[in-house]
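The following paragraphs lead the reader through one protein structure.

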Amino acid sequence: MISQETQYALPGIKSIAYVPCELVQRNCDLKCLASMPVRVFTTPIPIILKGEATCATVSQYDKNGRTETTTLRFATLSPVPVNKHVAFIVTDTNDHPFLVGLHEAPYPVIKISHSTGTPDGDPAVLTYEVTFKALKSLIPMW
């Protein structure tokens, strides 16, 4: 079989926030695929970004169907809770919000790295790499 793969990235990230996964609507990926609106009915907790954030999605044929894998990378001074499952709301430079994460499993996988600051004034930051794989992993919320 021929492996088809498409890739796309957001034009730029304006802001990132997070919400606990249990406060996200159920089956958001399926609602998106059925062209139904997806919303989050809670106040997201904003993340103060340091530097540029990136978000890229790869869609590929996997086990008799298509899956998407979204990778979100950002640096911040404040920690994001990793002791519970969180979903991320990414707003691009066109003010379009996207949801990365679902109410149910699979949940986003969060990898954290810590770097120390430099003596000339660069701050010590936490760098996050969030990977999420689902039927639809970058879900538009408009």
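In this predicted model, the side chains of Glu129 and Arg73 meet in a salt bridge, with a distance of 3.0 Å from N to O. Glu129 belongs to strand 9 and Arg73 to strand 5, so the pair ties together parts of the chain that lie 56 residues apart in sequence. Glu129 is partly exposed, its relative accessible area being 23%. Arg73 is likewise partly exposed, with a value of 41%. The pair also belongs to a network of salt bridges, in which Arg73, Lys111 and Glu129 are linked.

How many salt bridges does a search of the whole structure find? The search finds four. One of them joins Asp95 to Lys14, whose closest N and O atoms are 2.5 Å apart. This pair links distant parts of the chain, for Asp95 sits in the loop between strand 6 (86–92) and strand 7, while Lys14 is in strand 2 (residues 13–20), 81 residues away. Asp95 is partly exposed, with a relative accessible area of 47%.

Another salt bridge is formed by Lys136 and Glu68, and here the closest N and O atoms are 3.2 Å apart. Again the partners come from distant parts of the chain: Lys136 lies in the loop between strand 9 (125–134) and strand 10 (139–140), Glu68 lies in strand 5 (residues 66–76), and 68 residues separate them. Are these two residues buried or exposed? The limit for a buried residue is a relative accessible area under 20%. Lys136 has a relative accessibility of 15% and therefore counts as buried. Glu68, at 6%, is buried as well.

With these pairs in view, the chain as a whole may be considered. The protein chain contains one helix and 10 strands, and along the sequence they follow the pattern β-β-α-β-β-β-β-β-β-β-β. The radius of gyration is 16 Å, close to the 14 Å that the globule rule gives for 142 residues, so the chain is as compact as a globular protein of that length. Along its principal axes, the C-alpha trace spans about 55 × 40 × 30 Å. Of the 142 residues, 41% count as buried. Among contacts between residues at least 6 apart in sequence, 72% join residues at least 24 apart.

His103 is found in the loop between strand 7 (97–100) and strand 8 (109–115). With a relative accessible area of 14%, His103 is buried. What does the side chain of His103 reach? The side chain of His103 reaches the backbone oxygen of Cys21 at 3.2 Å and the backbone oxygen of Glu22 at 3.3 Å. When neighbours within four places in sequence are left aside, the residues in contact with His103 are Cys21, Glu22, Leu23, Val24, Gln25 and Arg26.

Ala53 is buried, with a relative accessible area of 11%, whereas Lys50 counts as partly exposed at 35%. Neighbours within four places in sequence aside, Ala53 is in contact with Ile13, Ile16, Arg73 and Phe74. Arg73 is the residue that meets Glu129 in the salt bridge described at the outset. Lys50, with residues up to four places away not counted, touches Ala75, Thr76, Leu77 and Val125.

Ala53 and Val82 are 29 residues apart in sequence, and their C-alpha atoms are 19 Å apart in space. Lys50 and Leu102 are 52 residues apart in sequence, with 26 Å from C-alpha to C-alpha.

Note on methods. Residues numbered from 1 in each chain as written. Predicted model: local features only at pLDDT ≥ 70, side-chain atom pairs only at ≥ 80, totals over all residues. Heavy atoms only, no water. Helix = DSSP H or I, 4+ residues; strand = E, 2+ residues; numbered from the N terminus. Rg over C-alpha atoms; globule rule 2.2 N^0.38 Å. Buried < 20%, exposed > 50% of the residue type's maximum accessible area, 1.4 Å probe, protein only. Contact = heavy atoms within 4.5 Å. Polar contact = N/O pair within 3.5 Å; in protein donor to acceptor, adjacent residues only side chain to side chain.
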